[in-house]
Amino acid sequence: MIGTILILGFVFLMLAGVPIGVAMGLSGTMAVVMTGVEMPWFGLFTVQQNFEAGIGKYPLLALPMFVLVGAAFDRSGVAQRMVNFATAVLGRGPGMLPIVVIVVAMILGGISGSGAALAAAIGSVMVGAMTKAGYPRAFSATVIGSATATDILIPPSLAFVIYSILVPGVSLPELFAAGLVPGVLAGLALIVPAWWISRRQGFGKTEAKEPRPPFWKSLREASWGLVTPVLILGGMRAGWFTPTEAAVVAAVYVLGIGLFIHRTINWADLYDIFCEAAVVSAVILVILGLAGIFAYCIQTLGIVDPIVAWFSASGWSSFLTLIVVLVVLKLVGMFLDGVSVFMVFLPLLVPLIKLFGWDPVWFGVLVTMVIALGQFTPPLAVNLLVACRLSQVAVEETLPWVGWFFLSFVLAIAAVVCWPGLALWLPRAIGY
């Protein structure tokens, strides 16, 4: 009975427009009060304990630093120099600028911890260039919004940090390694429709007339950005620092590039950058703490047990169950942001992972790919919304193009479903 009230209360509050974190906290607190009527203060001390337990985890120390990297990223000047280098390597011609956007987004995914920040950084550089070359603004927004979705797959990734916290026994370095190949695969999957549509529609006809940046000069200027993913991932693998320490290294490095190398960040800008990072980090941590209350109630009230029992008795195969779970997460992800999907559903999914024997690292990559798909699937598509705002177009104008990118990304997810080795090969090869 109380479990039903918990779920219905959460759904009602969410539909009423209450922020999802607050809805989880309020419905969880209500369930605690109902079960603790005979306890001192109605058992409300458990609310405080589980809120603190939700955020009192060592790996979460990395979260504010990765958020700081995202806040500083679009001011560091790395994106512009990386675009010039990618253009120098790939050349000019119809369909090449969208490929430059996707390749740069994949490379810079190893620096920025925020897809929205990456969309803002690349969009501010590329929207004008693509428009000048003859690409429709709605198409440019679609390319930028979908390309930057790879950011949460290619480490460092805030999504992987949160997943490693919520799913027991999952190593964050192993998740980082597992996301690399699927992240590249997703980027390659996006290149296909970007190039095909551009060539078929005749977009970018004037692009070939633009001068090609000099290779060695653009390489020299982009080298500071190119070194960053190698420094972070290589440093973790070599044992120089932990993932949490890697986040600090990334933040200091990106700020150093902006302050001393490219000089695109002034000392006066640091206040705004730190304030932005602090606010975003605080919001995420509060949501995690409130989700800890909700997860505690789900576990203690035994809500998961009937769900697991139903799947066990349904006779569904492991593959069919996996497909149903991913489809449900995708549908929910069209209306909720990725962090919220993790918060609400992972406590319910952990028993299913154990029941069907799914590899939790592989499953984490799949769920994150589905979340990435949601970042450019209307109606709630954070990266796409940022790209549309920079392109000065409505989200509805991207609908003729976004479906092709959606389909191609789904095929990449299907490949990881059918061949788990795409996610598990690299972490096993390097000894995780």
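Exposed, for this talk, means over 50% relative accessible area, buried means under 20%, and partly exposed is in between. Keep those cut-offs in mind. The model is predicted.

Let's start with Gln-392. Its relative accessible area is 68%, so Gln-392 counts as exposed. Where does Gln-392 lie? In the loop between helix 18, residues 382-391, and helix 19. Now the backbone. Most residues other than glycine have a negative phi. Gln-392 has a positive phi, near 60 degrees.

There is another residue of this kind. Arg-263 is not a glycine, yet its phi is positive, about 55 degrees. Arg-263 sits in the loop between helix 12, residues 243-261, and helix 13. Buried or exposed? Arg-263 is exposed, because its relative accessible area is 67% and the cut-off is over 50%.

Next, the surface. Which residues form the nonpolar patch? They are Trp-195, Trp-196, Trp-404, Leu-407 and Leu-411. Together they have about 530 Å² of accessible area. Two or more residues of the patch come from helix 10, residues 172-201, and likewise from helix 19, residues 399-418. Helix 19 gives the largest share, three residues. Take Leu-407, which is found in helix 19. Its relative accessibility is 46%, so Leu-407 counts as partly exposed.

Helix 8 runs over residues 137-147 and is mostly covered. How many of its residues are buried? The count is 10 of 11. Let me read part of the list. The buried residues of helix 8 include Phe-139, Val-143 and Ile-144. Ser-140, Thr-142, Gly-145 and Ser-146 are also among them. So are several alanines, including Ala-138 and Ala-147.

On to the second largest pocket. Its volume is about 430 Å³. How many residues line the second largest pocket? The lining has 23 residues. Nearest the centre lie Leu-166, Ala-295, Tyr-296, Gln-299 and Pro-347. Which element gives the largest share? Helix 13 does, with seven residues. By residue type, the lining of the second largest pocket divides into 16 nonpolar, five polar and two charged.

Last, two pairs along the chain. Ile-7 is found in helix 1, residues 2-15.

Thr-242 has its place in the loop between helix 11, residues 215-238, and helix 12. Thr-242 counts as partly exposed, because its relative accessibility is 31%.

To recap. Gln-392 and Arg-263 have positive phi. The nonpolar patch draws its largest share from helix 19. The lining of the second largest pocket draws its largest share from helix 13. Helix 8 is mostly covered.

Notes: Residues numbered from 1 in each chain as written. Predicted model: local features only at pLDDT ≥ 70, side-chain atom pairs only at ≥ 80, totals over all residues. Heavy atoms only, no water. 1 Å grid on protein atoms, 1.4 Å probe; cavity = no way out; pocket = protein on both sides within 12 Å on 5 of 7 lines; lining within 4 Å. Points joined across faces, edges and corners; volume = space filled by probe spheres on them. Helix = DSSP H or I, 4+ residues; strand = E, 2+ residues; numbered from the N terminus. Nonpolar A, V, L, I, M, F, W, Y, C, P; charged D, E, K, R; others polar. Patch = residues over 30% accessible without salt bridge, like charges linked within 9 Å, V, L, I, M, F, W, Y side chains within 5 Å. Areas by Shrake-Rupley, 256 points an atom, 1.4 Å probe, with all protein chains shown as cover. Salt bridge = Lys/Arg side-chain N within 4 Å of Asp/Glu carboxyl O. Buried < 20%, exposed > 50% of the residue type's maximum accessible area, 1.4 Å probe, protein only.
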